[in-house]
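Please open the structure in your viewer and keep the selection tool at hand. The tour moves from one selection to the next, and at each stop you can compare the text with what is on your screen.

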Number of protein chains: 2
Amino acid sequence: MARLKLKLQLYCGDAIAMGPGKADLLEAIAREGSISAAGRALGMSYRRAWLLVDTMNRCFVKPLVETHPGGGKSAGATLTAEGEAALAAYRALSEQVERGVSGADFTALEEAILSSPRLSQP
Amino acid sequence: MARLKLKLQLYCGDAIAMGPGKADLLEAIAREGSISAAGRALGMSYRRAWLLVDTMNRCFVKPLVETHPGGGKSAGATLTAEGEAALAAYRALSEQVERGVSGADFTALEEAILSSPRLSQP
């Protein structure tokens, strides 16, 4: 059975300000309390997680993630109020879109697509 | 203003059987009559265009693109009946989804996203 996947992306110029991967990362940062732990939880390198956070922070009017340097208990990263709001708004919008899709009929495509690709012909 | 982009992807195992880029490529092949000309028209390398066609052909029950080797007038590539049908079904499904989205309210996100990213802070 073909799986249907919908990616909702919000652009800021040519950069993606918000999408499924960035929303998951925000969620993980809120849960894990640091960018590195969030990246690890998602199987993502620290560099990649940091770049995604940097893009988000540069695309929004106010940064979504705040880092707290230093080695103490307060070290790490947290979502700002704007980060919490952006994540919630993205999730709500995604659900609205999913509901719009649930009525769509993709039987024809579903039946034409294999459950996994055939091997290449030599 | 943030632009909203919806990507509708149909998976075949871990491979993407059909999505916006592959649909555009099918359309270009139908118009241009060859994989290389279609790739050129989309600013895509021949290798990339060929790989996308190969993935589609391996993901569908019947191939979507047929190549006609040889140097004559009939050389090139065309869509099969299944290719025409898959492209039409994907376009119809995308339109259905877009209509579902058109009612969605993304004012909050739109207002929070810049028109282009800020430069990185040093």
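What follows is a tour of a predicted model, beginning with the two chains together and ending with single pairs of side chains.

**The two chains**

Begin by colouring chain A and chain B separately, and then superpose one on the other: chain A can be laid on chain B with an RMSD of 0.0 Å, by a turn of 180° and a shift of 0.0 Å along the axis. The two copies are thus related as by a two-fold rotation axis. To find where chain A comes closest to that axis, select A:Gly100, whose C-alpha lies at 2.1 Å from the rotation axis.

**Where the chains meet**

Next, select the residues at the boundary, where 44 residues of chain A are in contact with 44 residues of chain B. Between them the two chains bury about 4,000 Å², and 61% of this area is on carbon and sulfur atoms. On the side of chain A, the residues that lose the most area to chain B are A:Tyr11, A:Arg58 and A:Leu109, which together make up 17% of what that side buries. The copies meet through the same surface, because 100% of the interface residues of chain A are also interface residues in chain B.

How many salt bridges are there between chain A and chain B? The count between the two chains is zero, whereas 21 residue pairs are in polar contact between chain A and chain B, counting pairs with both residues at pLDDT 80 or more. The elements of chain A that give two or more residues to the side touching chain B are β1, β2, α3, α4 and α5 (107-112), and the largest share, 10 residues, comes from β1(A).

**The hairpin of chain A**

Stay with that strand and select residues 3-12 of chain A together with residues 15-18, which are strands β1 and β2 and pair in the antiparallel sense over three bridges. The two strands form a hairpin with two residues between them, and in the turn you will find A:Gly13, which has a positive phi of about 65°. If you look across from A:Leu10, the residue standing opposite in β2(A) is A:Met18.

**Salt bridges within the chains**

Now show the charged side chains, since side chains of opposite charge can pair when their charged atoms come close. Over all chains the count comes to 10 salt bridges. Select A:Arg58 and A:Asp54, which form one of them, with their closest N and O atoms 3.0 Å apart. The two residues are separated by about one helical turn, because they are four residues apart in helix α3 (residues 46-59) of chain A. Both A:Arg58 and A:Asp54 are buried.

For another pair, go to A:Glu82 and A:Lys62, whose salt bridge has its closest N and O atoms 4.0 Å apart. A:Glu82 lies in helix α4 (residues 81-102) of chain A and A:Lys62 in the loop between α3 and β3 (65-68), so the pair ties together parts that are 20 residues apart in sequence. A:Glu82 counts as partly exposed at 32% relative accessibility, and A:Lys62 is also partly exposed, with a relative accessible area of 48%.

Finally, move to chain B, where the side chains of B:Arg58 and B:Asp54 meet in a salt bridge of 3.0 Å from N to O. B:Asp54 counts as buried, at 15% relative accessibility. For the last stop, return to chain A and select A:Asp24, A:Glu27 and A:Arg91, which are joined into one network by salt bridges that share partners.

Technical notes:
Residues numbered from 1 in each chain as written. Chains lettered and ligands numbered in written order. Predicted model: local features only at pLDDT ≥ 70, side-chain atom pairs only at ≥ 80, totals over all residues. Heavy atoms only, no water. Buried < 20%, exposed > 50% of the residue type's maximum accessible area, 1.4 Å probe, protein only. Least-squares fit on C-alpha atoms with pLDDT ≥ 70 in both. Contact = heavy atoms within 4.5 Å. Pairing = 2+ DSSP bridges. Buried area = accessible area lost by both parts, 1.4 Å probe. Polar contact = N/O pair within 3.5 Å; in protein donor to acceptor, adjacent residues only side chain to side chain.
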